[in-house]
Amino acid sequence: MSGISELRLGPIDALVPRVVPHPGATLLSLVADALGGRDHGVRPHARRLVRAAAPQGAADVLRPLFAPGVSVIPDCITPTATMSREECAHHLEQIEEVSADTLLAEIEGEFGGDVPARWRPVVRRPKMWKDAYARLMRSVWNEIAPVWRAAGRLVEREAERVGAATVGGSLDCVLAGLGPRLRLRGTTLRLPGRQGETSELGGRRLILVPVVSGGGASLFSFDLSDAVWIGYPVPGLGGLWGNDEPRDRSSAPLSLLLGEARAAVLHALSAQLTSGEIAERLHYAPATVTYHCTRLEAAGLLERLRCGQHVLVRRTDRGEELMNVLGGTGRGEGVGRRPSHR
């Protein structure tokens, strides 16, 4: 990653994001990781499926799109060109119907008369290249479509989670925990982007796209005039690709908002604990606890304080309020209660 892109959201409590289950984002993420050399945290089994499904010569076909440096995928051949709810077959048919003239026009619009060397084979034989690219994308999709269908309930639950957070005034908690490669700083969302662009959401819609590929998935587009879309790992993804991470199965309100693992961490903090004590109570790996604590801290729900040789973790006032509203319990009187300052 050679840069950070920023999306300035404006007042978060005024946002009403829309969750779109877009299969094209998942397809693009899997292809970028397994065949394009871009790490989206795809599990080895999934990589093998994608590589086995890809026609011979896939790496040569994709080289213009994922060469080192700035990535450019012309809109006309992007499976995420429109943020509509159609099946992937619809998006693939649109790519298959793209004419050579349309592709050349977009390449010229992007590069002008100075076409990079990696794109020159495409310019010389645009129809041949586009047809090979379309076959590749369809072959991969045919292989991974069953996994996308199996993820349907996870995507539905993610829409419920975002909706509950929006209505309940906790959307910033969701935005702060979209994925390990995305960061919320105040009202600015920071995303890994090779161009390092900055954009204002303005009056555009914010579209959240759960991606069924890998735990490090991060895709976005600031280019649409009426919307900005962000692709991120769907919570509970590990259950689809054989991951051993805690799976998001609970239907409790707090788990719907934060995910089961982070809700469990927040529940465990009825008294202040060290990370090791949290890991022992929840039977999680220490690295897993550290990761989830970091995300909860970014959301303003817990804080870490040094006490001698130990670092203690405790809920913030905001974490207490969230527990009282959604978790069924707050922190009572006792060892871990925060002292009052009058």
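These legends walk through a few close-up views of salt bridges and strand pairing in a predicted model.

Local features here need pLDDT of at least 70 and side-chain atom pairs count only at pLDDT 80 or more, while totals for chains, interfaces and linings use all residues. Residues are numbered from 1 along each chain as its sequence is written, and side-chain values use heavy atoms, with hydrogens and water left out.

**View 1. A salt bridge links E200 and R8.** Searching the whole structure turns up 16 salt bridges, a salt bridge being a side-chain nitrogen of Lys or Arg within 4 Å of a carboxyl oxygen of Asp or Glu. In this one, the closest N and O atoms of E200 and R8 are 3.4 Å apart. The pair ties together distant parts of the chain, 192 residues apart: E200 belongs to strand β5 (residues 198-200) and R8 to strand β1 (residues 4-8). Strands (E, at least two residues) and helices (H or I, at least four) are DSSP runs, numbered from the N terminus. How accessible are the two partners, E200 and R8? E200 is partly exposed, at 46% relative accessible area, and R8 is partly exposed too, at 36%. Here, buried means under 20% relative accessible area, exposed means over 50%, and partly exposed lies in between (1.4 Å probe, protein chains only).

**View 2. R153 makes salt bridges with E156 and with E160.** Take E156 to start: its side chain meets that of R153 at 3.2 Å, N to O. These two sit three residues apart in helix α8 (residues 152-168), so about one helical turn separates them. R153 also pairs with E160, and there the closest N and O atoms are 3.2 Å apart.

**View 3. Four strands form an open sheet.** Reading across, the order is β2-β6-β8-β7, and the pairing is mixed. Which strands are at the edges? They are β2 (18-19) and β7 (219-221), each of which pairs on one side only. Two strands count as paired if DSSP finds at least two bridges between them.

**View 4. Zooming in on β2 and β6, a parallel pair.** Strands of a sheet pair through backbone hydrogen bonds, either parallel or antiparallel. β2 runs parallel to strand β6 (residues 205-211), and two bridges join them. Look for R18, whose bridge partner in β6 is I207.
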